[in-house]
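The entries follow in the order I made them.

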Amino acid sequence: MTATTASALSPRQRYFRPNALWLAAPGLAFLAVFFLFPVLRLLALSVQNPASGAFSLESYARIANTDVYLQVLGITFKIAGNTAIFSILLGYPLAYWLAGLRDGLRERMVLLVMVPFWTSYLVKTFAWMVVLGRTGVINNMLTGSGLASQPFPLVYNEFGVMVGMVHAMIPLAVLTMMPIMIGIDRRLIQAAQALGAAPAQSFWLVYFKLSLPGVTAGGLLVFISSLGFFIVPALLGGRRETMLAQLIITQVQELLNWAFAGALAAMMLVAALVTCWLYDRLFGLSSLSGGETSAQNGGSGRLRLIGLAILRVIAKASAMLADVVRKVIGTRGAQLLLPIYCALALAFLVLPTLLVIPIGFTSSQFLEFPPPGYSMQWFETYFSSPVWLSATLRSFGVAAATALCATLIGGLAALALARSSTRWGGVIFATFLAPLIVPRIIIAVGLFYLFAQIGLVATDMGLVIGHTVLALPFAFVTITAILKNYDWRLDQAAAVLGANRVKTLFLVTVPLVKGGLVAAFLFAFITSFDELTIAIFVSGGIKTTLPKQMWDDMILQLNPTLAAVSVVVFVIVTVLLLLAERFRRTA
């Protein structure tokens with residue numbers, strides 16, 4: 001369409017003429033109905049009187065005037081904050097080491113982080129229950145070797161919760177920090193040392209400063225994700241470690257107090273939004289995607305000066321400590337410290353889950369490590385159980401439908417943003433990423449209330465819709481990353497040869513990015529297959545998925561059948577992840 005023709009169109013015609021941006025309309029409509037509306041409806045319930053429906057702040061007053069709820073809020077923020085701090089502290093050296101490896105080796109080593117990241121939280125938590133329990137691996141080793149006369153209380157307390165939470169969140173922190181670190185030119189450190197700076201000083205004043213966007217982004221994502229956690233605290237903690245999400249589940253499932261559940265959800269959402277706002281003020285949300293931070297653009301002068309002063313103190317102290325270490329263990333020994341630490345960190349991420357595998361083949365009637373003998377009886381119990389098989393088949397069916405929907409909707413949206421330069425691009429991008437920011441428990445409760453009104457509770461359709469909301473960001477981001485490297489001149493060549501937009505899409509674009517599409521499909525499949533929060537509410541106790549069935553059994557009693565099921569889930573997720581990574585790299 002020429003400029004003259006376009007100018008001849010009325011404003012209404014120009015607004016509604018065909019445009020690539022309209023490809024995002026199905027996804028925006030889907031999120032508006034099944035994400036924004038349920039969340040806003042839940043928040044609206046928090047300011048309504050349950051009996052009359054009139055405006056009321058009774059639920060918030062109840063929270064403010066009850067010490068128990070204020071304590072739970074404090075515990076939630078404390079655990080989420082500590083998880084973010086420890087995940088960054090323990091994950092930073094690993095991310096730094098991975099970023100410094102050559103590309104081929106880094107891709108292989110990153111898989112050791114990716115597998116724990118995508119492994120079901122239920123499987124990981126079950127593994128820690130086996131490792132930390134009174135008769136678990138660690139206590140058996142300590143008492144068997146004579147180092148302890150009685151088992152240590154390593155679980156059902158804050159220690160157990162922190163171990164499980166940090167283990168679950170370190171991969172997220174590492175995967176968030178690493179892309180920023182890969183983009184840092186390490187020759188800058190060499191230049192600083194050539195100008196007289198000690199190695200420790202050049203690291204803190206040059207490299208760490210440049211990696212700060214990744215550090216802060218990782219801390220933000222870990223903190224927000226931890227706010228909505230309930231699996232780890234429920235299974236590894238005690239009453240003193242009750243978190244906000246557990247209270248919300250109780251209010252909905254046992255007391256049917258929607259107003260109070262909405263108020264608790266509002267408190268959690270406000271905490272997440274305030275955290276994002278503070279992050280944006282200090283660093284800028286653009287740093288989440290690798291953009292420049294406020295600090296890099298000048299930022300707040302006083303804040304910047306304070307930060308530099310703190311870094312100088314840390315750099316000076318680190319330089320003194322490094323000199324002492326080199327004198328004690330030598331230069332070669334000091335160089336080996338980082339690889340040794342990273343090997344231990346990777347072992348911490350991988351080994352707990354791997355320990356479940358031999359337990360799944362145990363001949364004992366109890367959870368023991370090492371197993372006294374080996375048998376296939378627990379796998380036979382699993383495969384011969386109609387309940388377990390029904391839950392497994394439903395999980396596969398729901399995950400396949402979810403992956404198809406998420407890939408189609410996310411692919412169209414990614415194509416819309418890639419083919420259109422509009423001022424609304426940032427808003428659309430943020431909308432599709434929003435389900436990652438809002439805690440899952442809030443989305444689940446909001447959908448449960450909506451589905452109860454339209455008859456989708458205890459239906460496969462309800463599960464597919466709920467899982468698609470959660471899987472959509474992963475598919476969208478994966479396809480967006482693939483399209484960034486796509487050569488759009490190929491589409492122009494097809495158009496010159498007479499192909500219309502539909503033929504170009506299906507005969508040129510899709511075949512060339514099919515690897516990315518398959519990867520997005522598999523990532524969405526894994527997200528659905530492992531999902532528990534939506535299933536707890538939407539399944540209605542009838543349409544049970546495999547994670548929901550595992551949750552029910554773990555709440556009642558731990559048994560070797562759960563170990564066998566964990567092995568099955570671990571193998572399925574690992575195989576799908578390896579396939580997804582292979583397709584993503586070859587896209």
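How many disulfides does the structure hold? I was working with a predicted model, and I found zero disulfides in it.

**Entry on cysteines.** Cys342 has a relative accessibility of 0%. I put Cys342 down as buried, because the cut-off for buried is under 20%. For Cys405 I noted 33% relative accessibility. That value lies between the cut-offs of 20% and 50%, so Cys405 counts as partly exposed.

**Entry on backbone angles.** I went on to residues with a positive phi. I kept in mind that most residues other than glycine have a negative phi. Tyr156 has a positive phi, near 60°, and is not a glycine. I located Tyr156 in the loop that runs between helix 8 (137–144) and helix 9 (158–182). Ala458 is also a residue other than glycine with a positive phi, here near 65°. I found Ala458 in the loop between helix 20 (440–454) and helix 21 (460–484).

**Entry on cavities.** How many cavities of 30 Å³ or more does the structure hold? I counted one. The volume of the largest cavity is about 30 Å³. Which residues line the largest cavity? I listed Tyr121, Lys124, Thr125, Trp128, Gly164, His167, Ala168 and Val232. Two elements give two or more residues each to this lining, namely helix 7 (121–132) and helix 9. Helix 7 gives the most, with four residues. I also sorted the lining by residue type: four are nonpolar, three are polar and one is charged.

**Entry on a serine.** Where does Ser385 lie? I placed Ser385 in the loop between helix 17 (377–383) and helix 18 (386–419). Ser385 has 15% relative accessibility and counts as buried, because that figure is under 20%.

Terms used:
Residues are numbered from 1 along each chain as its sequence is written. This is a predicted model: local features need pLDDT of at least 70, side-chain atom pairs count only at pLDDT 80 or more; totals for chains, interfaces and linings use all residues. Side-chain values use heavy atoms; hydrogens and water are left out. A disulfide is a pair of cysteine sulfur atoms within 2.5 Å. Buried means under 20% relative accessible area, exposed over 50%, partly exposed in between (1.4 Å probe, protein chains only). On a 1 Å grid over the protein atoms alone, a cavity is a set of points where a 1.4 Å probe fits but cannot get out, and a pocket is an open set with protein on both sides within 12 Å along at least five of seven lines; lining residues have an atom within 4 Å of a point. Grid points are joined across faces, edges and corners, and a volume is the space filled by probe spheres set on the points. Ala, Val, Leu, Ile, Met, Phe, Trp, Tyr, Cys and Pro count as nonpolar, Asp, Glu, Lys and Arg as charged, and the others, Gly among them, as polar.
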